[in-house]
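Hi,

Here is the structure I promised to pass on. Have a look at it first, and then read my notes below.

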Amino acid sequence: MNYKVTSQIESGVMVITVNNPPINAGSIEVRKGLREAIAELGRNQQAQCAVIIGSGNTFIAGSDIKEFALPLAEPHLPEVIAAIENCPKPVVCAIHGAALGGGFELALACDARIAQDGAVVGLPEVTLGIIPGAGGTQRLPRLIGVEKSIDYICSGARIKAPEALKLGLVSKVVREHLLEEAITLAKSLVGSKSRIRDLVTPKANDADVVVASQKALKAGKNRPNIQKAIEMICNSVSMPIDQALALERATFQDLRVSTEAKALRHQFFAERKLFRTFDADDVKPIELKHIAVIGAGTMGTGIAIACLTAGYEVLLLDQNEAALTNGSNKVRSFYESRLQNGKMSADRVSQILTQFTYSADWKKIHNADLVIEAVFEDIEVKHAVFRKIEEHARQDALLASNTSYLDIDAIASRLENPSRVFGLHFFSPAQVMKLIEIVRCLRSSAVAIATGLQLAKRLGKTPVISANAFGFIGNRIYAAYRRQCEFMLEEGAYPAQIDKALEDYGFAMGPFAVGDMSGLDIAWGMRKSQAATRNPAHRYVTIPDSLCIAGRLGRKTGAGYYRYDANSGERSEDPGVHHIIEEASKAKGIVRRQFSAAEIIDRVLLAMINEIAHLVCEHVVRDATDCDVALVNGYGFPKWQGGPVFVARTLGLEKLNAQMDLLEKQSGPGFHRAELHALFE
Ligand code: NAD
């Protein structure tokens with residue numbers, strides 16, 4: 001046996017302990033150790049049964065994802081599982097923490113499972129573009145049926161111990177003494193085997209299976225691995241188990257090396273790095289309890305809800321009484337609707353609401369450990385508000401701005417202690433959107449940033465750290481993307497064609513549909529304010545201005561890039577818009593041409609890649625891959641495509657440079673070519 005798996009025999013029971021911190025990942029060494037331990041169990045006369053348990057905080061919380069990029073080394077998990085099933089002595093799995101993916105598949109190979117309260121089990125493989133590859137799609141349906149297996153496997157759900165007990169996935173849940181209880185259970189099974197593989201899958205109702213499959217495909221965006229997972233689960237009814245297991249394994253192996261799985265692993269590691277790099281700095285964040293949110297508008301109320309739901313005490317402040325009433329009503333009705341639709345218990349709602357206060361009185365912010373400003377996007381208003389905050393907040397409170405574009409260093413520079421100021425750029429709706437940009441200003445303290453990261457973690461958000469630069473990370477990449485789409489309008493494409501190409505690629509919405517939804521007037525206002533300083537030699541597309549001048553401000557006016565049906569809200573193409581676009585091309589002497597969906601996607605990706613390389617060279621972003629995370633979590637970029645940096649690295653520098661040469665020509669004056677090698681370092 002090796003140091004990752006140890007075993008010990010006491011009064012007839014072999015206790016096999018997995019010891020691979022921090023999460024006891026099912027690595028090659030763990031698989032080897034388990035295989036040897038089970039072989040020893042078979043041989044050793046002293047042991048009549050065994051318990052497998054994890055050391056530390058968890059059972060095997062998943063497979064070692066790093067191994068997925070390489071040819072898998074033997075023994076493979078199915079071999080270990082077969083050894084457990086073929087061993088004549090019973091094996092009990094004792095689960096605390098998490099038994100996920102391969103960890104749960106191993107548990108399903110055992111003769112019984114017992115869990116500690118607080119444990120979770122599940123098969124989340126689909127979130128990495130694969131399917132369970134060691135019998136999950138065959139053993140789970142034998143316990144809980146086909147429909148429920150489709151639900152759980154295709155959503156990658158984590159099933160809490162009480163639910164696992166109800167479903168029959170574990171036979172007992174204990175509060176304490178997990179190992180002792182598992183030993184007792186193992187002893188009671190001596191002389192018998194109860195393998196899940198010997199059960200038959202409960203009869204499924206065809207219509208219910210169809211409904212479950214359709215629901216899973218819709219939620220899983222019809223991805224190939226979801227289709228395959230459903231197919232494999234259905235095989236559990238129609239195929240002998242060994243044949244179905246072999247097919248499952250082969251499918252898992254194919255999917256594991258697919259570009260989609262690589263892209264999702266890229267996202268997984270990029271996300272994990274976000275927290276890790278900062279943890280390494282060894283800075284202790286401040287323990288936040290009370291948060292004051294200034295401004296009870298769209299963002300302020302969303303931020304208040306996000307913080308309340310995460311358990312903070314929240315004060316919402318607005319100096320406009322009507323806005324304050326409106327904002328606080330929004331917060332209350334959010335929780336009332338959670339209660340009504342059964343998403344939250346009455347106790348939880350009332351507990352959250354006791355933590356919520358609102359006021360127009362600045363003195364009330366004195367309790368706050370953190371003040372988050374979300375008032376109008378106007379530098380003078382922000383200066384005035386921060387003066388007020390400085391006057392009334394505690395001197396050790398941290399101060400954050402939710403500004404989208406304003407210079408936070410300029411705001412901080414007028415304060416006595418700029419080191420406590422930083423940016424917390426939430427996205428709308430703030431209680432829903434995963435992304436949060438944490439803006440590290442020139443003088444922000446490391447503690448402020450560490451606290452921002454900890455807050456993001458507790459809110460369940462995905463944080464990226466940005467320098468204080470115009471548009472930070474996401475909005476800057478998005479602007480380059482939208483500009484490129486406008487170029488294509490001028491050259492021959494139409495909004496619906498561009499949106500469709502991008503939506504087919506996987507974007508939640510195309511850029512013109514997004515523009516119409518948020519309103520075209522905000523960007524118009526910004527363009528007007530920048531008109532005087534714009535370089536007249538740079539390419540400037542007038543189409544959005546023409547739409548605004550024509551009163552087409554987007555959905556709210558019933559028309560923008562599209563026309564919207566007054567009743568259904570459905571969008572449709574509008575010949576009036578085509579006319580405006582064609583006139584714009586004519587005015588510049590551009591001969592319009594056809595665009596393929598592939599060309600549209602390529603140009604969008606290249607424009608994003610170029611902007612990301614700028615962000616890296618300008619040190620706005622710490623790591624290029626942070627941008628991929630930002631785009632997926634805040635801008636509807638399809639996760640399974642990995643992000644622009646993943647695309648760039650897959651393409652390689654040479655090809656990328658050649659394609660960027662072309663984009664530079666197509667884009668014309670004003671396109672600033674970045675040093676692309678920065679993306680490969
Ligand atoms: P909003 O107009 O909906 O709300 C702003 C609120 O601030 C209003 O209720 C107003 O009464 C209040 N306010 C103004 N001056 C104040 C003062 N002196 N003291 C106290 N309260 C004051 O605006 P919003 O959309 O919530 O945007 C707020 C901030 O968040 C802006 O900086 C904006 O750029 C940023 N932001 C907005 C979005 C978005 O999608 N709306 C997304 C990210 C960031």
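Tyr562 and Tyr564 are both buried. Bear in mind that this is a predicted model.

On aromatic rings in general: a pair is described by how far apart the centres are and by the angle between the planes. With a cut-off of 6.5 Å between ring centres, the count comes to 14 aromatic pairs. Tyr562 and Tyr564 have ring centres 6.4 Å apart and planes at 70 degrees, so this pair is edge-to-face.

Now for the ligand. It has 24 residues around it, and the closest are Met299, Asp318, Glu377, Lys382 and Asn402. Which residues put a polar side-chain atom by a ligand oxygen? Lys382 does, at 2.6 Å, and so does Asn402, at 2.9 Å. Thr298 uses a polar backbone atom instead, 3.0 Å from an oxygen of the ligand. On its own the ligand has 820 Å² of accessible area, and the protein covers 79% of that.

As for where the shell comes from, α12 (298–309), α15 (379–392) and β15 (421–426) each give two or more residues. The largest share, three residues, is from α15. By type, the shell splits into 11 nonpolar, 10 polar and three charged residues.

Cheers

Technical notes
Residues are numbered from 1 along each chain as its sequence is written. This is a predicted model: local features need pLDDT of at least 70, side-chain atom pairs count only at pLDDT 80 or more; totals for chains, interfaces and linings use all residues. Side-chain values use heavy atoms; hydrogens and water are left out. Rings of Phe, Tyr and Trp (its six-membered ring) pair if their centres lie within 6.5 Å; planes under 30 degrees apart count as stacked, over 60 as edge-to-face and the rest as tilted. Buried means under 20% relative accessible area, exposed over 50%, partly exposed in between (1.4 Å probe, protein chains only). A residue is near a molecule or strand if one of its heavy atoms lies within 4 Å of it. A polar contact is a pair of N or O atoms within 3.5 Å; within protein, one must be able to donate a hydrogen and the other to accept it, and residues adjacent in sequence count only if both atoms are side-chain atoms. Accessible areas come from the Shrake-Rupley method with a 1.4 Å probe; for residues, only the protein chains shown count as cover. Helices (H or I, at least four residues) and strands (E, at least two) are DSSP runs, numbered from the N terminus. Ala, Val, Leu, Ile, Met, Phe, Trp, Tyr, Cys and Pro count as nonpolar, Asp, Glu, Lys and Arg as charged, and the others, Gly among them, as polar.
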